[in-house]
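Okay everyone, thanks for coming.

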Amino acid sequence: METSLTDPAFWHRIHFAFTITYHYLFPQLTMGLAWFLVYWKWRALRTGDEKYNRAARFWAKIFGLNFAVGVVTGIPMEFQFGTNRAAFSRYSGAIIGQTLAMEGMFAFFLESAFIGALIWGEKRLGPRNHFLAAVGVATGSWLSGFFILVTNAFMQHPAGYSVASNGTLALFDLRAYLLNPWAFVQFAHNQCAALVTGSFVVAAMGAFYTLRGTHPEQSRLYLNAGTLVGLVASLLVAFPTGDAQAKMVGKHQPATLAAMEGRFEGGRLAEVTMIGQPNVSEQRLENPIPLPGALSFLAYGTFKSYVKGLNEFPKDTWPDNIELLYYAFHIMITLGMIFIGIMAWANWKRWRGRLESSTALLWILMLAFPFPYIANSLGWMTAELGRQPWLVYGLFRTNQGYSHNVAAGDTIFTLIGFVGLYFVVGLLFLYLTAREIHHGPDAPASVPDPREVPV
Amino acid sequence: MIALWYGILAFMLTTYIVLDGRNFGAGILHWIVARNQPERRQVIAAIGPLWSWHEVWLVGTGGVMVMAFPRLMAASFSGCYLALFLILWCVLLRGIFIEVGGHLSDRLWQEFWDSVFVFSNVLLAVLFGAALGNIARGVPLTRRHILSAVFYQFQYPWECRVARLVHCPDGAVLCPYFDRSRSDLPDHEDRRSSTRTIGQTGSQTLVGSDSGFSVNHITHLVCASGTFAGDRVPTTCLVYTSDLRCECVRDRYRYPQPARTSRCVRVDFSALRFVDDRSGRAVSGHALLDYRIRPATNRCGLRRARCQCHHWHGLVVSGADFGLRLSLYHSATLLGQSERSQGQPRILLRAGGTWSTSLFWMVKE
């Protein structure tokens with residue numbers, strides 16, 4: 001499907017894609033980091049060791065920065081359903097609104113109420129309640145993620161709906177909607193990926209301080225926790241969650257699976273392409289290095305399973321940017337494998353007690369932290385591009401869903417505005433985070449300075 | 001059920017406005033009530049920890065609105081596109097301020113962010129006020145049920161269909177209606193002749209909720225005898241979902257006619273053509289309305305449109321009024337913050353001064 005620069009649908013899509021991709025850089029870290037905070041608060045509660053409290057205090061500051069940027073960039077997301085996706089809201093608002101409202105009312109409330117307590121309430125709350133505040137923040141952020149993923153799962157694999165007399169969707173079965181199998185698989189996969197981001201960032205911080213030779217006690221703590229959780233999460237992202245996700249796609253979105261692997265012809269013993277460049281106009285993969293049978297096995301459980309090719313689907317149901325989808329998926333998989341490798345290596349060194357003296361590995365750990373962000377974003381691109389050309393899979397097309405009354409010029413204008421604002425937000429965020437890192441975890445326990453603005 | 005959701009939505013929006021009003025107030029007033037940096041920090045510290053918790057109510061309101069009133073959300077948000085994004089950007093700037101303003105003790109840094117904070121809060125208060133003013137006064141609807149409130153369009157032709165946020169027993173929230181204050185609209189004639197006309201409402205019709213639409217207070221509704229041959233549809237009840245339409249031209253007004261399938265009638269108001277008496281131009285662009293038959297016992301008690309009053313004046317007044325009202329909340333907040341600060345009496349004094357000034361101003365209004 002051609003997308004033209006004069007097509008308002010294209011600009012609405014870019015608008016949403018840009019804002020959501022930027023927004024999701026922040027929640028993925030907070031969702032991953034939240035359980036590290038819980039863990040350290042719990043250790044501090046059990047052992048009474050001040051070093052765990054220091055770790056929690058330091059990371060709570062980083063968490064707070066991410067959380068705040070996540071909030072300010074997240075508010076426009078919800079409003080874009082009305083501003084840029086009016087037709088979609090009208091069509092399916094009665095359903096997706098359920099979880100969006102739940103997200104706002106339960107999860108986000110929980111999170112926001114506890115985040116203040118977590119960051120400034122340590123003295124007033126006492127260790128036990130402060131630990132509970134950390135649990136509240138973590139639960140809230142994961143619950144929030146769950147509701148959003150249920151919403152997305154409905155768009156990927158509609159469940160529990162009925163079509164009302166006026167052609168819009170109505171909620172038929174709340175349970176079926178909330179317990180959408182797609183949501184659980186995607187939630188597990190996504191949360192593990194968030195943990196990968198969290199643990200890579202924690203490990204990178206540990207590596208950074210170790211290489212610098214500062215904060216030895218804290219950096220050991222970060223390296224240990226980061227590499228251990230990192231290995232477990234990297235493995236879980238691939239199996240069983242990533243595997244289940246692929247099977248789910250194979251079952252419910254076969255055209256997407258074909259496009260993800262750049263398969264134009266169907267067949268048994270379908271291969272996974274390790275390297276190859278899709279050429280959509282010629283309908284073939286160039287320079288492929290295939291792994292025969294792997295795709296059949298991964299998607300349907302046996303090597304002999306038949307995997308459909310794109311040619312078996314009408315062309316107007318093909319994902320509309322197959323190249324991007326293909327590369328997003330393949331780079332994500334490759335990065336996932338590399339993560340497992342790095343973390344396995346780091347854990348082996350740690351087990352041998354040599355992690356802190358292997359400089360090369362520490363450099364790799366320190367520089368690796370942006371890649372989980374890339375992998376997460378590409379994973380979401382795979383999910384969302386794979387869903388095309390549907391906005392609600394099989395029911396409602398993407399180019400029906402935008403606000404037809406909003407001129408393309410208005411969308412471009414607000415897109416430019418968001419790019420500019422988010423650039424400034426990004427600079428400020430990096431600057432402030434760098435400042436926190438520079439101060440380090442062993443800075444004197446911060447007494448809330450009345451002159452200092454909290455948050 | 002719809003009434004319950006309406007109540008929840010109203011509650012959440014009100015809570016948001018009350019809670020975040022504190023932040024607006026602090027933002028607008030902290031240049032006035034606090035004269036130096038430490039004092040300003042104190043004012044900001046009063047709102048810092050709870051800011052995101054207040055913002056949650058806005059997010060929750062959005063969520064509830066998508067769920068319970070998707071059509072309202074679709075109509076209003078995309079219709080007020082630019083104004084809404086201005087609001088969002090201000091919210092964003094304000095959030096950034098609270099985040100970064102106090103992180104450096106550099107004077108220029110703080111003064112810069114203070115001014116950003118004041119600017120975005122004033123703009124927010126005025127924009128919310130303008131939105132409120134617009135909704136209270138009525139906003140034109142396009143054919144697709146979209147509010148067409150380009151945000152500097154403050155004046156509409158008198159025939160224009162306008163929408164208001166109202167509550168009615170069966171839960172519709174958007175209320176488009178005609179202003180029939182001009183006596184030259186031939187509703188009396190129509191009632192008498194009753195041959196060709198349908199769906200010209202006396203003053204109000206309602207659209208909005210998914211549970212259906214009701215036509216409210218259709219005292220002038222006349223059914224075209226041809227179309228409704230054999231069926232006696234009470235003139236006060238009408239609903240519609242079907243797809244047929246036709247129109248006829250009568251005098252200089254063209255009225256749509258309904259077609260009827262089972263119990264549903266659709267009226268295509270897009271065929272309506274009114275001539276603006278002053279300019280002589282034809283005015284069009286009325287919405288396609290769907291009506292459901294329902295005894296018209298419920299009267300919402302809506303006031304008639306006053307399309308031509310409250311232009312700039314109304315908006316500015318409501319915007320500024322809104323901001324100042326919010327500042328009151330903040331004054332009250334400052335009272336509760338006495339434990340922390342050194343310069344408390346002075347801040348309190350100034351906050352009290354602003355409070356009474358705004359009170360006086362409002363009473364005067």
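Predicted model: local features only at pLDDT ≥ 70, side-chain atom pairs only at ≥ 80, totals over all residues.

Residues are numbered from 1 along each chain as written, chains are lettered from A and ligands numbered from 1 in the order written, and side-chain values use heavy atoms, leaving out hydrogens and water.

So, how many residues of chain B are in contact with chain A? It's 50, and they meet 59 residues of chain A, with contact meaning heavy atoms within 4.5 Å. The area buried between the chains is about 5200 Å², and carbon and sulfur atoms give 76% of that; buried area is the accessible area (1.4 Å probe) that two parts lose on being put together, summed over both. On the chain B side, B:Tyr81, B:Trp89 and B:His103 supply 14% of what that chain buries here, more than any other three residues.

Now over to A:Asn311, in the loop between helix H9 (294–300) and helix H10 (322–351) of chain A. Helices here are DSSP runs of H or I, at least four residues, and strands are runs of E, at least two, numbered from the N terminus. Leaving aside residues up to four places away in sequence, A:Asn311 touches A:Phe264, A:Glu265, A:Gln283 and A:Trp318. Its C-alpha atom is 8.9 Å from that of A:Gln283, 28 residues apart along the chain.
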